[in-house]
Amino acid sequence: MHRFANPSQFMRVAEAMLPWMVALCIPLMAAGLYFGLWASPADYQQSETVRIMYIHVPSAFLAQGAYIVMALGSASFLIWKHPLGDLIARAAAPIGCIFALICLVTGSLWGKPTWGTYWVWDARLTSMLILFFLFLGYLALANAFDDPARGDKPAAILAVVGIVNIPIIKFSVYFFNTLHQKSTLFGDLFSSGEEAGASGLQQPDIAAAAAQQGSALPPSMLLPLMLMLAAFSVFFLILLVLRLRGELATVRLRALRAGLRAG
Amino acid sequence: MFDSFGDFLAMGGYGPYIWASYGLCFGGMVILLIQSILTWKKRRSELEQLEASRARQSTPAARSKETQ
């Protein structure tokens, strides 16, 4: 396992996997779009607007996943001084930032027809907005110094401290009054079947049965959501490898230039 | 399921919300992908240039040392 901590060794493995990830991502995305936009039913309460869920939930999932990757990378950089941790964090930050923005925008566009408003200052929406600002703050801090190596540490500390926001996002729909519906996939962990049924994402007769199976979603809606979650996750890994490659080249470039100046 | 392509585009009257969501989402993802690839290509060509100029600089020096 230790040899993967060598950046060039790590990149060799990651780049070998790249074509396979692309080959996996395209059919997953195509199937997700087909089932999400065409072959799934409209919701009995939200009608066609429920289709926004198939991109809104995966982008929220990815934004938080990217944050966790960024925080773990930063923590390993702070604890073991491992440069790969910092590079992974720097590669994950812009991806998470864009997905947090996509989540906020698609959420607004979903909120207008279903809630009657683009935005409310409740716990879920506000904590998601804070996640977006944490990404922006990390990027600003990591790139604030003329010598980028000086930004590594403060940015890594921000990333690690900011992780408290992740459980806040997760539990915000349970601990606070909110317009936001409860967790779609893991609702049963925190609420009874009846409450999950009240989330408004299914037909009443299917709701009870689906809630017992552990999800509030009927299979016809669960399928496109799962396909999109998988497609988005693979897409995230592809972007991570591509950006990591760029970050590694940047580090090499910097080292070469420093060597030239010194020589 | 939709009866016609027109119905599909209309999305039960919610077309603007749904298509704007999907458009912005995939637009953002494509921009991120292109930007990631372009950044790497730019860095790679800078690296190659730098390595090439270093090789050009070091070769005459090495030759002059050999002749001495």
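Trainee: In this predicted model, how many residues does the largest nonpolar core have, and which of its residues have the most contacts inside it?

Mentor: This is a predicted model, and its largest nonpolar core has 69 residues. The residues with the most contacts inside that core are A63(A), A66(A), M70(A), A92(A), F99(A) and A100(A).

Trainee: Which helix gives the most to this core?

Mentor: At least two residues of the core come from each of α1 (7-38), α2 (53-80), α3 (83-115), α4 (123-142), α5 (152-161) and α9 (219-262) of chain A, and α2 of chain B also supplies at least two. Within the core, the greatest contribution is 17 residues, and the helix that gives them is α3(A).

Trainee: Which residues does A63(A) touch, leaving aside residues up to four places away in sequence?

Mentor: A63(A) is among the core residues with the most contacts inside the core. With residues up to four places away in sequence left out, A63(A) touches G96(A), F99(A), A100(A), C103(A) and L131(A).

Trainee: How do the residues of the contact of α2(A) with α9(A) divide by class?

Mentor: On the α2(A) side the contact includes M53(A), Y54(A), F61(A) and L62(A), and on the α9(A) side it includes L225(A), M228(A), F232(A) and F236(A). By class, the residues of this contact divide into 14 nonpolar, 3 polar and no charged.

Trainee: Are α4(A) and α6(A) roughly parallel or roughly antiparallel to each other?

Mentor: Helix α4(A) packs with helix α6 (residues 165-175) of chain A at an angle of about 160°, their axes being 8 Å apart, and the crossing is left-handed. Since angles over 145 degrees count as roughly antiparallel, α4(A) and α6(A) are roughly antiparallel.

Trainee: Which residues of α6(A) meet α4(A)?

Mentor: By class, the contact of α4(A) with α6(A) has 8 nonpolar, 3 polar and 1 charged residues. From α4(A) come A123(A), R124(A), S127(A), M128(A), I130(A), L131(A) and L134(A), and the residues of α6(A) that they meet are N165(A), I168(A), I169(A), S172(A) and V173(A).

Trainee: Which helix of chain B supplies the largest share of the side that touches chain A?

Mentor: The secondary structure of chain B comes to 2 helices and 0 strands, and 26 residues of chain B are in contact with 31 residues of chain A. The chain B side of this contact has 18 nonpolar, 5 polar and 3 charged residues. Its largest share, 20 residues, comes from helix α2 (residues 15-67) of chain B.

Trainee: Is K81(A) buried or exposed?

Mentor: K81(A) lies in the loop between α2 and α3 of chain A, and its phi is near 55°, a positive value in a residue other than glycine. Because K81(A) has 11 other C-beta atoms within 10 Å, it counts as exposed.

Trainee: And is M11(B) buried or exposed?

Mentor: M11(B) also has a positive phi, of about 50°, although it is not a glycine, and its place is in the loop between α1 (5-10) and α2 of chain B. Because M11(B) has 20 C-beta neighbours inside 10 Å, it counts as buried.

Terms used: Residues numbered from 1 in each chain as written. Chains lettered and ligands numbered in written order. Predicted model: local features only at pLDDT ≥ 70, side-chain atom pairs only at ≥ 80, totals over all residues. Contact = placed C-beta atoms within 7 Å. Helix = DSSP H or I, 4+ residues; strand = E, 2+ residues; numbered from the N terminus. Nonpolar A, V, L, I, M, F, W, Y, C, P; charged D, E, K, R; others polar. Core = buried A, V, L, I, M, F, W, Y, C linked by C-beta atoms within 7 Å. Buried ≥ 20, exposed ≤ 12 C-beta atoms within 10 Å, placed from the backbone. Axes fitted to C-alpha atoms, helices over the stretch in contact; angles between N-to-C directions. Parallel < 35°, antiparallel > 145°, perpendicular 65-115°, else oblique. Left-handed = near helix turned anticlockwise from the far one by under 90°.
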